[in-house]
Amino acid sequence: MSYKAIVNATQVKFSASHFLKEPFQCSKLHGHNYYVSVEVEAPLDENYFVVDFIELKEKIKTIAETLDHRVLIPKLSRDLTISETLESIEVVTNTNKRYVFPKTDVKLLPLPETTSELLAKYVHDKLKEIYSDKKITVKLEESKSTTAVYKGD
Ligand SMILES: [Zn+2]
């Protein structure tokens, strides 16, 4: 038998910009207010908790802060050429669009794309580093009508 602990979306938010590869409409640089929800499933611990709610919320916030007010760039994309200088990051797309961002405004992510599905998995994987023995589900709302879900084992 297992229990669930749920931290809801309205509690943890980050705002970030990104672009997806051509030919999608989202290939133009744009932003979202992302809302993160997390479900943790596990047997109760010795204190009869699935997880310490306050600690969980803090951990989610800490992860969200690393993405907040950043341009999210997928480091593992096969469609982007990314080069770094001391202060800036240049990104050239497969259609030869060229962006230059100050390094401080960019979060390079170990992902092939910055879809909400993969961002949900990214948040999941970060939480899993902390809560390795628990089953974690991350829901990432990118707009009122669209939410991506990553369900871990
Ligand atoms: Zn988008």
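In the predicted model, Lys135 belongs to strand β9. Its relative accessibility of 34% places Lys135 in the partly exposed class, because that class covers values between 20% and 50%. Beyond the residues up to four places away in sequence, Lys135 touches Glu39, Val40 and Glu41, as well as Gly152 and Asp153.

The phi angle of His69 is near 55°, which is a positive value in a residue other than glycine. With a relative accessibility of 63%, His69 counts as exposed. A second residue other than glycine with positive phi is Asn96, for which the angle is near 65°. Asn96 is placed in the loop between β6 (88–92) and β7 (98–102), and a relative accessible area of 65% makes Asn96 exposed.

The protein chain as a whole comprises two helices and 10 strands. Read from the N terminus, the order of these elements is β-β-β-α-β-β-β-β-β-α-β-β. The C-alpha trace spans about 55 × 35 × 25 Å along its principal axes. Of the 153 residues in the protein chain, 40% are buried. Among contacts with a separation of 6 or more, 59% are made by residues 24 or more positions apart.

In soluble globular proteins, nonpolar side chains tend to be buried together. The largest nonpolar core of the model has 29 residues, and those with the most contacts inside it are Phe14, Val36, Val38, Leu56, Ile60, Leu127 and Val138. Two or more residues of this core are given by each of the strands β1 (3–7), β2, β3 and β9 (135–143) and by each of the helices α1 (53–67) and α2 (116–130). Another core, of nine residues, lies apart from the largest one and includes Val71, Ile73, Ile89 and Val106. Within the largest core, Leu127 is one of the residues with the most contacts. When neighbours within four places in sequence are left aside, the contacts of Leu127 are Val38, Leu56, Lys59, Ile60, Ile63, Ile136 and Val138.

A zinc ion is coordinated through the NE2 atoms of His18, His30 and His32, at 2.0 to 2.1 Å. The donor residues follow the sequence spacing H-x11-H-x1-H. Since His18 lies in strand β2 (residues 13–18) and His32 in strand β3 (residues 30–42), the pair ties together parts that are 14 residues apart in sequence. Both His18 and His32 are buried.

The structure holds one cavity of 30 Å³ or more, and the volume of the largest cavity is about 80 Å³. The lining of the largest cavity consists of 13 residues, with Phe19, Leu20, Lys21, Leu80 and Thr93 nearest its centre. By residue class, this lining divides into four nonpolar, four polar and five charged residues.

Methods: Residues numbered from 1 in each chain as written. Predicted model: local features only at pLDDT ≥ 70, side-chain atom pairs only at ≥ 80, totals over all residues. Heavy atoms only, no water. Donors = N, O, S within 2.8 Å, 3.2 Å for Na, K, Ca; no water. Helix = DSSP H or I, 4+ residues; strand = E, 2+ residues; numbered from the N terminus. Buried < 20%, exposed > 50% of the residue type's maximum accessible area, 1.4 Å probe, protein only. 1 Å grid on protein atoms, 1.4 Å probe; cavity = no way out; pocket = protein on both sides within 12 Å on 5 of 7 lines; lining within 4 Å. Points joined across faces, edges and corners; volume = space filled by probe spheres on them. Nonpolar A, V, L, I, M, F, W, Y, C, P; charged D, E, K, R; others polar. Core = buried A, V, L, I, M, F, W, Y, C linked by side-chain atoms within 4.5 Å. Contact = heavy atoms within 4.5 Å.
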